[in-house]
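Keep the structure open while you read.

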Amino acid sequence: MKQLSVDHLTGIVDLTRQDIELILETAARFKEVINRPIKKVPSLRDITVANVFFENSTRTRLSFELAQKRLSADVVNFSAASSSVKKGETLVDTVNNILAMKVDMVVMRHPNPGAAKFLSQKIKAKVVNAGDGTHEHPTQALLDAFSIQEKLGTVEGKKVVIVGDILHSRVALSNIYCLQKLGAEVMVCGPSTLIPKYIHQLGVRVSHNLREALEWCDVANMLRIQLERQDIAYFPSLREYSLLFGLDLNLLDSLSKEIIVMHPGPINRGVEISSDVADSKQSIILDQVENGVAVRMAVIYLLAAKIER
Amino acid sequence: MEKQVILNATQLELTLKRLSHELIETHGNFENTILIGLQPRGIHVATRLKIILETILGRAVQAGNLDITFHRDDFRRRETPLLPSITNIDFSIENKRIILIDDVLFTGRTIRAGLDALLTFGRPSQVQLLTLIDRRLSRDLPIQADYIGKKVDTLSTERVAVEWQDMEGQDQVLLFSKAANETAQR
């Protein structure tokens, strides 16, 4: 029988195509579970999971917590704002203190790239990366791939454009790895200041023209401009960005084919995507949120299976 | 391994027909009764019974498949994770009479998990259990079937396999046991 080739989920880069397909297949079963009258299964009732968030998050944290609770795991939450990190404790010490209370798995969001990988090498518990700075956000990429597969039947051979702040986006990097491993073609689109210099080494196409990119693709993933990560001004104004790289209904309707619009959230309505596009029938933004719980259940279930008794 | 045929194609067909008539005896025209086959192998029994019942009754019989993976009691007690099959119960089971169906009843653990899984879909008015083969005297839990195709006495080292024409190419029930010399060598 199949199982994951990894002991932690720190990034899509470590996964094989078989791993990704196993997660998506398991997630489909969990999606059925969360649509039952009783949306809960007892599989993980002897597992305790700590959600350790050193960075703000609403949707991801809620999604992880729901996934854990629907698997019957015990859940403890920890956020940096109310923690001893402020008192000068190191990451490993903080986590080891949590683990001393017999926690089996740690879901961590951290502002530093590589933090999850680092942690997975230092502690005994399973680690799930819920976003490490501008590096990776693996569960987001998995749920995006799941949503594309659900809508289009397959990811193989599909063309996906990721639009926006590629430079600061962990969603973009994880999506590029994930989509390419599943056999999709990926293009990134945005102002040249927000496209990393050596991005072509990842084997993706680059465009600076939104219309051209949208005409090429089957799926457009519109990223949020992460002003909180931008230390300098990468473009003159939000208004100019929106005019050049924002997707509105006029542009969407003028395309020669119907494309699918995705967004990892939170949306800045009127900046990267207009309200009528976000609420249109081509948008699968809320499906992504629902699928997020199922995909995270699958990841936690498959990693928990590797916890020694 | 020694192989012994417990039921051949003709006997299996007869048994399924007998079970169908037994079900009709209790459930009439199946107005309020649903067949639920347990994944992965019980669904084949359910499918065959549904066909026979529909032929006899001349009306559609509601049926679904239930996967019990997430309700099993041996998660993390195996080398590899338990991977789920598809559940399709896209109807309400509230106040319905349910017949849970599996091919082989052995330790009873699958049925225990099946009951738990079933109840996440609502509150049926009654649940009964049908099994094609009852490996009696081998139960780990106090679970017995209401409808039984055939009772067999087996050792726990033996294995019972129910095979189907559209899966393995032939309808039959087989008992695999270690040959006398294999046992002696061990």
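Start in chain A, where strand β1 (residues 48-53) runs parallel to strand β2 (residues 74-79), joined by 6 bridges. Two strands pair if DSSP finds at least two bridges between them. Helices (H or I, at least four residues) and strands (E, at least two) are DSSP runs, numbered from the N terminus. This is a predicted model: local features need pLDDT of at least 70, side-chain atom pairs count only at pLDDT 80 or more, and totals for chains, interfaces and linings use all residues. Residues are numbered from 1 along each chain as its sequence is written, while chains are lettered from A and ligands numbered from 1 in the order in which they are written.

**The β1-β2 pair of chain A**
- N51(A) faces N77(A) of β2(A) across the pair.
- Helix α2 (residues 59-70) of chain A carries the chain from β1(A) to β2(A), and this β-α-β crossover is right-handed. Right-handed here means that, with the strands pointing away from the viewer, the path from the first strand over the helix to the second runs clockwise.

**The five-stranded sheet of chain A**
- An open sheet of 5 strands has the order β7-β6-β5-β8-β9 in chain A, with parallel pairing.
- β7 (205-207) and β9 (260-262) of chain A are the edge strands; each has a single partner strand, so one side of each lacks a neighbour in the sheet.
- From one strand to the next, the twist averages 25°. Axes are lines fitted to C-alpha atoms, for helices over the stretch in contact, and angles run from 0 to 180 degrees between N-to-C directions.
- Within chain A, strand β5 (residues 159-163) and strand β6 (residues 185-189) run parallel and share 5 bridges.
- V160(A) has V186(A) as its bridge partner in β6(A).

**Helix packing in chain A**
- Helix α5 (residues 138-152) and helix α6 (residues 170-181) of chain A pack at about 50°, with axes 8 Å apart.
- α5(A) is therefore oblique to α6(A). Angles under 35 degrees count as roughly parallel, over 145 as roughly antiparallel, 65 to 115 as roughly perpendicular and the rest as oblique.
- α5(A) and α6(A) make a right-handed crossing. A crossing is right-handed if the near helix is turned clockwise from the far one by less than a right angle, and left-handed if anticlockwise.
- The residues of this α5(A)-α6(A) contact are 8 nonpolar, 3 polar and 1 charged. Ala, Val, Leu, Ile, Met, Phe, Trp, Tyr, Cys and Pro count as nonpolar, Asp, Glu, Lys and Arg as charged, and the others, Gly among them, as polar.
- α1(A) packs against α5(A) at an angle of about 65°, with axes 10 Å apart.
- α1(A) is therefore roughly perpendicular to α5(A).
- I20(A), I23(A), L24(A) and A27(A) of α1(A) meet L142(A), A145(A), F146(A) and Q149(A) of α5(A). Contact means C-beta atoms, placed from the backbone, within 7 Å.
- This contact of α1(A) with α5(A) has 7 nonpolar, 1 polar and no charged residues.

**The sheet of chain B**
- In chain B, 3 strands form an open antiparallel sheet, ordered β1-β8-β7.
- β1 (2-7) and β7 (159-163) of chain B lie at the edges with a single partner strand each, so one side of each has no neighbour in the sheet.
- β1(B) pairs with strand β8 (residues 172-177) of chain B over 5 bridges, in the antiparallel sense.
- L7(B) is bridged to V173(B) in β8(B).

**Where the chains meet**
- Chain A puts 17 residues into the contact and chain B 14 residues.
- Helix α1 (residues 17-33) of chain A gives the most to chain A's side, with 4 residues.
- That side of chain A has 9 nonpolar, 3 polar and 5 charged residues.

Technical notes:
Two residues are in contact if their C-beta atoms, placed from the backbone, lie within 7 Å.
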